[in-house]
Amino acid sequence: MLKRAYVAAMHGVALPLRATGVLDRLERARHDSFAFWLGSQFAIHDAAALARMDVPWWTFPAIDAVERWMAARNGDVRVFEYGSGASTVWLARRAAHVVSIEHDAGFAKLAAPMLALPNVELRLIEAVPAGASARARSGRRGYEDSDFSAYVDSIADSSAPYDLVIIDGRARVACLERAWDCLGAGGLVVFDNSNRQRYQAALGRAGGRLTRYRGWAPALPYPSETTLIEKTRAAG
């Protein structure tokens with residue numbers, strides 16, 4: 001309830017700030033500035049606004065690191081993304097191809113026009129009721145009785161192995177375990193919100209080189225953490 005009230009309040013304040021031009025000036029500031037971070041707060045839970053600002057919802061240090069990694073490959077990067085949104089648009093502007101998997105039918109319908117880009121493939125894969133043999137559950141409140149097995153397994157398609165995998169949706173532990181075999185040598189995993197306690201064991205088991213990027217993130221009023229996991233040839 002408090003979270004919804006905060007989001008509604010920020011969106012309400014954004015209207016007069018936009019009308020006076022203040023918000024536009026903040027959003028045009030350098031991405032590493034306090035002004036830009038402040039302006040992004042009014043885009044909380046607004047994927048279209050964040051896409052216009054050209055930022056994914058990861059920590060700023062992680063955004064910079066991923067952008068450098070992609071630029072070093074001249075954009076010749078095939079991306080698989082668990083969880084669609086502003087990050088999908090950001091990736092599409094920098095990568096050759098993006099496959100983005102979404103579990104929420106309502107959000108997928110709203111986001112579809114924004115993601116109707118020539119190098120983006122948006123797929124809706126909803127969870128099913130979890131039975132005794134459910135292999136991929138989510139720790140997110142409200143999803144305890146859902147099985148995301150099809151969602152998790154969708155990475156093993158004809159385009160695998162991928163160069164870059166984004167894990168920012170449901171059933172993240174299962175996604176990380178499944179994605180590893182579908183990631184090419186030298187590939188990179190972006191695991192968002194890695195500060196959450198329920199992810200620590202899985203991150204500890206992950207192969208490759210882990211780098212945790214703690215810091216501020218767009219549209220968040222508190223610090224967060226995004227972890228990058230590089231699949232070295234030895235780890236492959």
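A residue is called buried here when its relative accessible area is under 20%, exposed when over 50%, and partly exposed in between. On that scale E27, in what is a predicted model, counts as buried because its relative accessible area is 18%, whereas R18, at 31%, is partly exposed. The side chains of these two residues, E27 and R18, meet in a salt bridge with an N to O distance of 3.0 Å.

Side chains of opposite charge can pair when their charged atoms come close. The structure holds 15 salt bridges, among them the following.

| Salt bridge | N to O distance |
|---|---|
| E27 and R18 | 3.0 Å |
| R30 and D32 | 2.7 Å |
| D54 and R93 | 2.8 Å |

In the pair formed by R30 and D32, both residues are exposed. The salt bridge between D54 and R93 links distant parts of the chain, 39 residues apart, with D54 in the loop between helix 4 (47–53) and helix 5 (60–71) and R93 in the loop between helix 6 (86–92) and strand 2 (97–102). R93 is partly exposed, its relative accessibility being 49%, and D54 and R93 also belong, together with E67 and R94, to a network of salt bridges.

How many disulfides does the structure contain? The count comes to zero. For C175 the nearest cysteine sulfur is that of C182, 11 Å away, so with a cut-off of 2.5 Å the two sulfur atoms do not qualify as a disulfide. C175 is buried, with a relative accessible area of 0%, and C182 likewise counts as buried, at 7% relative accessibility.

Notes
Residues are numbered from 1 along each chain as its sequence is written. This is a predicted model: local features need pLDDT of at least 70, side-chain atom pairs count only at pLDDT 80 or more; totals for chains, interfaces and linings use all residues. Side-chain values use heavy atoms; hydrogens and water are left out. Buried means under 20% relative accessible area, exposed over 50%, partly exposed in between (1.4 Å probe, protein chains only). A salt bridge is a side-chain nitrogen of Lys or Arg within 4 Å of a carboxyl oxygen of Asp or Glu. Helices (H or I, at least four residues) and strands (E, at least two) are DSSP runs, numbered from the N terminus.
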